[in-house]
Amino acid sequence: MSGYFSAILQGAVLTVGVSLAALLVSIILGLLGAGAKLSGRPVLVAIATLYTTIIRGIPELVLMLLVFYGGSIGINNTIEWLASVEWITQLGWVTAETTVDIEPFTAGVLTIGFIYGAFMTETFRGAILAIPKGQM
């Protein structure tokens with residue numbers, strides 16, 4: 001058992017790190033989503049409703065694979081397209097050789113943050129609506 005202690009400890013530290021970072025992302029997305037849904041502006045309400053509906057409807061493992069693999073492909077295709085735009089290449093922001101790889105830690109944080117952000121959107125919206133008008 002003593003040979004595995006350091007590996008288990010590293011895994012526990014990594015798990016806590018992913019959890020705390022994803023919690024921060026989900027709280028931010030939840031507050032933004034709840035604010036958008038309660039704003040009364042049709043465009044913001046539609047965007048927040050689309051976000052919560054899509055993210056809550058996709059299985060977590062599928063979303064994780066989409067973020068990890070599809071995110072890298074999407075970012076690299078966007079960079080390739082931006083490199084073909086002449087005025088952007090003159091600024092020197094991107095080149096045709098620029099590539100981005102999403103690290104597993106980042107993909108995990110974003111995926112868990114997106115998923116729980118959608119749930120927190122509805123939780124925060126319901127909590128805000130439960131406050132009596134006189135206490136606002």
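Helices here are DSSP runs of H or I with at least four residues, strands are E runs of at least two, and both are numbered from the N terminus. The model is predicted: local features need pLDDT of at least 70, side-chain atom pairs count only at pLDDT 80 or more, and totals for chains, interfaces and linings use all residues. Residues are numbered from 1 along each chain as its sequence is written, and side-chain values use heavy atoms, with hydrogens and water left out.

Start with overall dimensions. Along the principal axes, the C-alpha atoms fill a box of roughly 60 × 60 × 25 Å.

Next, the surface. The protein exposes about 9400 Å², and carbon and sulfur atoms supply 71% of this area. Accessible areas come from the Shrake-Rupley method with a 1.4 Å probe; for residues, only the protein chains shown count as cover. Of the 136 residues, 23% are buried. Buried means under 20% relative accessible area, exposed means over 50%, and partly exposed lies in between (1.4 Å probe, protein chains only).

The protein has 5 positive and 7 negative charges, and their mean positions are 30 Å apart. Lys and Arg count as positive, Asp and Glu as negative; His and the chain ends are not counted. Each charge is placed at NZ of Lys, CZ of Arg, CG of Asp or CD of Glu. Among contacts with a separation of 6 or more, 73% join residues 24 or more positions apart. A contact means heavy atoms within 4.5 Å.

Now take helix α1, residues 5-38. At 1.5 Å a residue, its 34 residues should span 50 Å; the end C-alpha atoms are 48 Å apart, which agrees. The expected span is 1.5 Å times one less than the number of residues. Buried residues of α1 include Val-18, Ala-22, Gly-30, Ala-34 and Lys-37. The buried residues of this helix pack against α2 (42-57) and α5 (104-129). Just after α1, Gly-40 takes a positive phi of about 85°.

Leaving aside neighbours within four places in sequence, Ser-26 contacts Gly-113, Tyr-116, Gly-117 and Met-120. Ile-27 is also found in α1. At 33% relative accessibility, Ile-27 counts as partly exposed. With neighbours within four places again set aside, Ile-27 is in contact with Met-120 and Phe-124. Ile-27 and Ile-115 are 88 residues apart in sequence and 11 Å apart in space, C-alpha to C-alpha.

Phe-124 is partly exposed, at a relative accessible area of 23%. Not counting residues up to four places away, Phe-124 touches Ile-27, Gly-30, Leu-31 and Ala-34. Phe-124 and Ala-22 are 102 residues apart in sequence; C-alpha to C-alpha, they are 17 Å apart.

Finish in helix α3, residues 60-84, where Leu-61 lies. Leu-61 counts as exposed, at 60% relative accessibility. Leu-61 and Ile-75 are 14 residues apart in sequence and 20 Å apart in space, C-alpha to C-alpha.
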